[in-house]
Structures are given as C-alpha cells and as structure tokens.
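Please look at the sequence and the model below before reading on.

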Amino acid sequence: MREPSVRRYSGRSVEEWKAARRERLLAAALELFGTEGYPATSVERLCTQAKVSTRHFYHEFQNKEAVLLAVHAQVIELTVRNTGDAIRRTDGRPVRERITAAVDSYLKTIMADLRRARISFVEVVGTSPAVEEQRIAFRDLLITSVRDLGDNAAAKGEIERRDFRFVGLSFFGAVNAVVYDWMLADPRPPEQKVQNSLRELALQLMTS
C-alpha cells in the first residue's frame with residue numbers, strides 16, 4: 001500500500017513552510033528586540049518585519065514572551081556550543097590557555113553581534129519569571145563550566161583549589177556590568193580592548 005503523498009506548495013511541504021515562517025519570526029525578533037528593545041516591539045511589528053500574518057504568528061508562538069524565550073535560547077545554544085568547542089580543543093593544554101580560549105570564545109560570540117549582546121544583557125533581565133528562569137539557568141551552566149575547569153586544573157596541581165563557583169559568579173557578574181556599559185558608551189570602546197580586559201580578569205580570578 002502506497003504512503004500518502006505530502007502536500008506541497010511551491011515545492012515545499014507544509015512543515016517546511018512552517019519552519020521557514022518560524023525562522024523569519026526569530027530573525028525578526030533578533031533584529032527588533034536587539035535594536036528597538038523587547039518592550040517597544042509589538043506582535044504586529046514582529047509580524048510586519050517577518051512578513052507573517054498575526055494568525056500564523058499564533059500558530060508558532062503562544063505570545064511575544066515565547067518569541068523572546070526562543071530567540072534567547074538560540075543565543076544560548078550558539079554560545080554554549082562555541083565555548084564548549086574551545087574548551088574541548090584545548091583539552092590537555094595548560095590551564096591559562098584553556099581559560100583564554102574559553103573566555104575569548106564566549107565574549108566573541110556575545111559581542112560580535114550587538115543584537116545578541118542587548119538581548120543577553122538587557123532585554124531578558126527581569127522581563128518575566130519564565131525568562132528570568134532561563135537566564136539564570138544559562139548563567140548557572142556557564143558557572144558550572146568554570147567550576148569544572150577550575151577543579152580539573154586544581155586536581156592536576158596547576159592552580160590552588162578554591163571556590164570556583166564563587167569565581168564564576170564574580171566573573172559573569174563583571175561581564176554583565178562591563179558589556180552593558182560597553183553597549184551604552186558613546187563612543188564605544190574597541191571590542192578587543194574590552195575582551196582583553198575581561199580575559200585578564202578571568203585569568204587573575206582563576207589562577208592568582
């Protein structure tokens with residue numbers, strides 16, 4: 001017995017159309033939330049930017065908050081993947097090299113696109129309980145990476161054992177403040193200068 005054929009429109013299946021529609025909405029959210037801000041962006045504005053009807057918007061997302069959660073999740077996924085890759089590439093190398101690679105990868109991912117930086121350090125902060133829960137979960141994931149890297153280096157005798165969770169909290173608290181200030185500065189300091197300063201802070205916190 002033959003399987004029923006998938007209905008196609010202009011060469012695409014319904015699922016392909018839905019996936020493309022969702023990606024357009026997420027791209028619109030990255031642009032608008034990352035430039036005009038989450039509170040200033042309405043569902044109608046998102047739909048206009050994405051060339052999607054409001055009816056189709058609600059097929060993909062329950063509300064505007066759900067879009068913020070989804071676009072922030074994309075930033076999280078990219079950051080975790082890039083930072084994890086940097087840590088894996090330097091496995092077995094001296095701890096200072098591992099810290100440098102991890103911090104550089106994290107900061108370059110976040111700061112290379114001001115829209116990602118604004119969403120990560122401004123738009124998700126205190127927006128709602130659900131968004132705050134996702135933000136804190138991401139922060140804790142990063143802190144766990146710091147703790148694991150530090151514990152591993154301490155076990156090898158490369159650095160003194162300490163409360164590496166506190167180190168992670170301190171470092172990412174500094175990152176939040178510094179990157180937020182960098183985004184608002186006019187003229188904005190060179191991105192590399194900020195990254196160099198934060199990298200040096202991470203090295204001091206972990207190894208001094």
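Which residues are buried in helix 2 (residues 43-50)? They are Val43, Leu46, Cys47 and Ala50, where buried means under 20% relative accessible area, exposed over 50% and partly exposed in between, computed with a 1.4 Å probe on protein chains only. Seen down the axis of helix 2, these buried residues fall within an arc of 95°, so they line one face of the helix; the arc is that of the directions from the helix axis to the C-beta atoms.

The model is predicted, so that local features need pLDDT of at least 70 and side-chain atom pairs count only at pLDDT 80 or more, while totals for chains, interfaces and linings use all residues. Residues are numbered from 1 along each chain as its sequence is written, and side-chain values use heavy atoms, with hydrogens and water left out. Helices are DSSP runs (H or I, at least four residues), numbered from the N terminus.

**Packing of helix 2**

The buried residues of helix 2 pack against helix 1, helix 3 (54-60) and helix 4 (64-89), contact meaning heavy atoms within 4.5 Å. The axes of helix 1 and helix 2 come within 8 Å and cross at roughly 115°; axes are lines fitted to C-alpha atoms, for helices over the stretch in contact, and angles run from 0 to 180 degrees between N-to-C directions. Among the residues of helix 1 that meet helix 2 are Leu25, Ala28 and Leu32, and their partners include Leu46 and Ala50.

Leucine 25, in helix 1 (residues 14-35), counts as buried because its relative accessibility is 0%. Beyond its neighbours within four places in sequence, leucine 25 is in contact with residues including Val52, Phe57, Phe61 and Val67.

**Salt bridges**

A search of the whole structure finds 15 salt bridges, each a side-chain nitrogen of Lys or Arg within 4 Å of a carboxyl oxygen of Asp or Glu. The table gives some of them.

| Aspartate 140 | Arginine 139 | 3.1 Å |

Aspartate 151 lies in helix 7 and arginine 161 in the loop between helix 7 and helix 8, so the pair ties together parts that are 10 residues apart in sequence. Aspartate 151 is partly exposed at 28% relative accessibility, whereas arginine 161, at 55%, is exposed.

Notes:
Helices (H or I, at least four residues) and strands (E, at least two) are DSSP runs, numbered from the N terminus.
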